[in-house]
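Let's take a walk through this protein together, one stop at a time.

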Amino acid sequence: MRKALLMLAMVLAASACLWSYGEAAEAELEPTDSGAPSAIVIFPVGETPNPRAAAMPPVAFNHVIHEKWMARTEKDCIVCHHTGDAVACTNCHTVQGSEKAHFVNLERAMHATEIRERKKHQTPSSCVSCHIRQTRQRECAGCHGHLVRNAREKDSWCNVCHKMTPAMTAQQLQAGIANKLPETQNEKLAAETALARAQTKYWTPLKAPYKINIDTLANLYKPCVFNHRHHVISLMENIGNNKLAGAFHTEQATICVTCHHNSPPSATPPKCSSCHSKTLDFLREARPNLMAAFHLECMSCHKDMKVARPRNTDCNTCHKLQPGANAPMGGNL
C-alpha cells in the first residue's frame, strides 16, 4: 500500500512539473532595464498609402541586446533617439521624408554611412554607420576592411535585417505601414522574430585543409607554407565571441568568402590560380596577377588586424629562396 501511494505521489509530482514546464515553455525575451519594449518592429511608415508588396519588408529591432551593448560601452539611448525623446524613429523619419526630420527619410536615417551633426540635435547614428564603426575593431577589420576596399557587399545581405520570422499577415503589414498596428501585436511579432533567429552553425575547420603549400615558382622559391587551419580557427573565434557578428554572419561559409571571394561556397574551393594568372591579363586589367592577389589578401588583412609579424618588407619570412637562385626584380609568383 505504501509503495502504491508513493508511486501515486511521484506520478502526481511529475505531472505537476510537466504542467508547470508547459506553462513556461513559451520562451520570452528578457525585459529591458529602461522599460522599453524588448523588441519592436520598425515598419516603412509613410504619409501616403502603400500598395500591397510595394514596401520594403519591416525590421525586427532587438532592444535588449542593444541596451546591453550600451551598458558595456557606457552609452545611452540618445545614441539612437538623438532628439532626446524616446519615441519611434518613424514618428519623424518616414518613407517620403518630412520637414519635421529635415527631410531625412527613413531609408537614409537607417542606412547612412556618414552622419553630420545638425543644429539643436545630438549627433545621431544610423544602424549602418554604428555597425560599420564596430567592424573597424581589430578582430573584424581583417575581413571588413577588405570587403570595403573591394566593394563586395551583396544585395542578399538586406535579408539579414529585412526578414520577419514567422511571416506576418498582409493585414498586419498594411496596418504597420499605416502606423495603426496595436503595440501588443507589434511587440509580439518582434519577439517571435528575435527568438526564432538561431546562431549559424559554421563549417568546422577540420573540413578545410590543415596547411597549404604555395609553390607557384618552385624553381626560384621554396614552397610558402600557409597554416590554413590556424587562420580559420582564429577567424571563427572572433565571430563566435561577437554577438553582432553572430547576427549578421548567416552563411556557413562566411569566413571563407573574404579570401575565396569569387568561388562558390565550399570547404575546398578552387586554387587562386584558377582566376589569377602569373602575368597580368590585359583583357582583364581589373583582375590582379597572382603575386598581387596573394600580397593584397595577406598583407592587407595583417595590416588591418595589426599583426606585427611578418612585416610587409620582410619577404624572406614567407619566401625562402631555392639554393643558388636569385630573386628576380619585379618577378611574378
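In the loop that runs between helix 2 (63-73) and helix 3 (106-111) sits E74. This is a predicted model, and in it E74 has a positive phi of about 60 degrees although it is not a glycine. Is E74 buried or exposed? With a relative accessibility of 75%, E74 counts as exposed.

A second residue can be visited alongside it. N179 also has a positive phi of about 60 degrees, and N179 is not a glycine either. You will find N179 in the loop between helix 7 (170-177) and helix 8.

Which residues of helix 7 are buried? They are Q172, G176 and I177. These residues span an arc of only 135 degrees around the axis, so they lie on the same side of helix 7. Helix 8 is part of what covers the buried residues of helix 7.

Among contacts in the protein chain between residues at least 6 apart in sequence, 59% join residues at least 24 apart.

V41 also leads us inside. In soluble globular proteins, nonpolar side chains tend to be buried together. Here the largest nonpolar core has 10 residues in all: A39, V41, F43, V45, A60, M164, M168, L181, L189 and A190. Strand 1 (39-42) and helix 8 (183-196) each supply at least two residues of this core. For a closer look at one member, select A60. Leaving aside residues up to four places away in sequence, A60 touches I40, V41, C161, M164, A190, T193 and R197. There is also a second, separate core of eight residues, and V232, L235, M236 and A245 are among them.

T254 lies in the loop between helix 10 (243-248) and helix 11 (290-304). Is T254 buried or exposed? Its relative accessible area is 14%, so T254 is buried. Not counting residues up to four places away in sequence, T254 touches Y202 and H249.

Next come the cysteines. A disulfide is a covalent bond between the sulfur atoms of two cysteines. How many disulfides does the structure hold? The number is zero. Take C77 as an example: the closest cysteine sulfur, in C80, is 8.2 Å from the sulfur of C77, which is too far for a bond. C77 counts as partly exposed, at 37% relative accessibility. C272 is in no disulfide either, and the nearest cysteine sulfur, that of C259, is 8.0 Å away. At 32% relative accessibility, C272 counts as partly exposed as well.

Now step back and view the whole chain. The protein chain contains 11 helices and four strands. It has 333 residues, of which 29% count as buried. Its accessible surface comes to about 22,800 Å², and 58% of that surface belongs to carbon and sulfur atoms.

Where is confidence lowest, and where is it highest? The lowest is in helix 1 (residues 2-24), at a mean of 38, and the highest is in strand 1, at 95. Residues 1-25 have a pLDDT below 50, and beyond near neighbours in sequence this stretch has zero contacts in the model. Residues 329-333 also have a pLDDT below 50, but that stretch has 14 contacts in the model beyond near neighbours in sequence.

Technical notes:
Residues numbered from 1 in each chain as written. Predicted model: local features only at pLDDT ≥ 70, side-chain atom pairs only at ≥ 80, totals over all residues. Heavy atoms only, no water. Buried < 20%, exposed > 50% of the residue type's maximum accessible area, 1.4 Å probe, protein only. Contact = heavy atoms within 4.5 Å. Areas by Shrake-Rupley, 256 points an atom, 1.4 Å probe, with all protein chains shown as cover. Core = buried A, V, L, I, M, F, W, Y, C linked by side-chain atoms within 4.5 Å. Disulfide = S-S within 2.5 Å. Arc of directions from axis to C-beta. pLDDT = per-residue confidence, 0-100.
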